[in-house]
Amino acid sequence: MHEAAYHELGLNSRFVFCRARVHSENLAMAIDGVRALGIRGVSVTMPHKIAVMDYLDELDIAAKSIGAVNTIVNENGKLKGYNTDFRGVVDPIREIIDVKDREVLILGAGGASRAAIYGLVSSGAKVSICNRSQDKAFELSEEFGVNLHFELKDIGKFSAIVNMTSVGMAPNTDSLITQEALNADQLVFDAVYNPLETKMLEYARSKGCSCISGIEMLVYQGLEQFRLYTGCESQPEIMRKAVLEVLG
Ligand code: ATR
């Protein structure tokens with residue numbers, strides 16, 4: 001999707017996006033390599049998002065609060081870590097509703113949930129979280145000052161329901177939320193993108209809810225990365241098309 005955006009904006013003579021598999025024991029060397037080679041930016045993914053923070057010169061406020069880095073920008077040898085995952089949650093939601101002062105429920109208490117909580121709290125939403133392991137939900141509620149919610153049958157008061165768990169991912173295509181629990185005034189966001197239409201989104205669509213799929217999270221976090229690497233703006237349509245050509 002980055003390559004597609006470089007081509008669209010005529011940046012492909014300056015930027016190229018390469019993949020590399022890095023084993024944990026080589027992480028420090030890999031980051032030294034970024035400095036030595038003068039690589040402009042890095043997209044960091046599992047399982048290095050937390051460990052990589054130790055090797056950077058600076059962290060932006062979101063990366064610090066979320067406790068993970070998914071993007072590194074090299075400014076003349078100085079490496080700064082960012083987290084754009086929260087933009088992948090709030091930007092597509094913002095296209096549909098303003099979450100300020102609205103009740104939002106986040107399912108899950110892992111790394112993705114931390115990004116969602118940070119983004120939605122920063123956007124002024126009244127956030128509640130619900131997780132299978134209640135001790136983890138409790139810890140997050142204390143850290144971010146958000147509410148706990150326990151009853152998934154009783155979610156009528158929430159303007160948006162955001163699934164940040166892996167539930168619904170193929171091959172176990174379950175849904176944490178039943179069709180009956182949803183109503184047409186709600187927005188349902190599912191971070192899972194395999195399958196593209198999860199059981200939860202299928203239920204939500206059938207009830208007339210607004211729906212956002214995990215593809216949007218991938219695209220919108222990527223748009224922010226693109227801005228950080230290039231200083232230019234791309235469009236969601238360009239990146240979405242490239243992603244769907246592979247996953248669709
Ligand atoms: P990530 O960093 O991608 O968020 P993670 O840290 O492994 O991944 O978190 C996965 C989330 O999915 C957790 O909230 C997990 O709940 P637990 O904290 O109870 O483990 C949730 N999850 C995974 N499988 C689940 C299931 N079958 N039912 C309910 N929640 C589940």
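Reader: Of the 13 residues around the ligand, which come nearest?
Author: A residue counts as near if one of its heavy atoms lies within 4 Å of the molecule. The ligand has 13 residues around it, and five of these come nearest: Ala109, Asn131, Arg132, Ser133 and Lys136.

Reader: What pLDDT do side-chain atom pairs need?
Author: Residue numbers start from 1 along each chain as its sequence is written, and side-chain values use heavy atoms, leaving out hydrogens and water. This is a predicted model: totals for chains, interfaces and linings use all residues, local features need pLDDT of at least 70, and side-chain atom pairs count only at pLDDT 80 or more.

Reader: How far is a ligand oxygen from an N or O atom in the side chain of Lys136?
Author: Here a polar contact is a pair of N or O atoms within 3.5 Å; within protein, one must be able to donate a hydrogen and the other to accept it, and residues adjacent in sequence count only if both atoms are side-chain atoms. A ligand oxygen lies 3.0 Å from a polar backbone atom of Ala112. A ligand oxygen is also 2.7 Å from a side-chain N or O atom of Asn131. For the side chain of Lys136, the distance is 2.7 Å.

Reader: Where is Asn131, and is it buried or exposed?
Author: Asn131 sits in the loop between strand 6 and helix 6; helices (H or I, at least four residues) and strands (E, at least two) are DSSP runs numbered from the N terminus. Buried means under 20% relative accessible area, exposed over 50%, and partly exposed in between, with a 1.4 Å probe and protein chains only. Asn131 has 16% relative accessibility, so it counts as buried.

Reader: How many of the 17 residues of helix 8 are buried?
Author: Helix 8 covers residues 214-230 and reaches 24 Å from first C-alpha to last, close to the 24 Å expected at 1.5 Å a residue. That expected span is 1.5 Å times one less than the number of residues. The rest of the structure largely encloses helix 8, because its buried residues number 15 of the 17.

Reader: Which backbone oxygen does the side chain of Gln186 reach?
Author: Gln186 lies in the loop between strand 8 and strand 9. Gln186 is buried, at 1% relative accessible area. A polar atom of its side chain lies 2.8 Å from the backbone nitrogen of Asn183. At 2.8 Å, the side chain of Gln186 also reaches the backbone oxygen of Ile155.

Reader: What is omega for the cis bond from Asn194 to Pro195?
Author: The bond from Met46 to Pro47 is cis, with omega near 0 degrees. Pro195 sits in the loop between strand 9 and helix 7 (199-206). For its cis bond from Asn194, omega is near 10 degrees.

Reader: What phi does Asn76 have?
Author: Asn76 lies in the loop between strand 3 (71-75) and strand 4 (78-82). At 81% relative accessibility, Asn76 counts as exposed. Asn76 is not a glycine, yet its phi is positive, at about 50 degrees.
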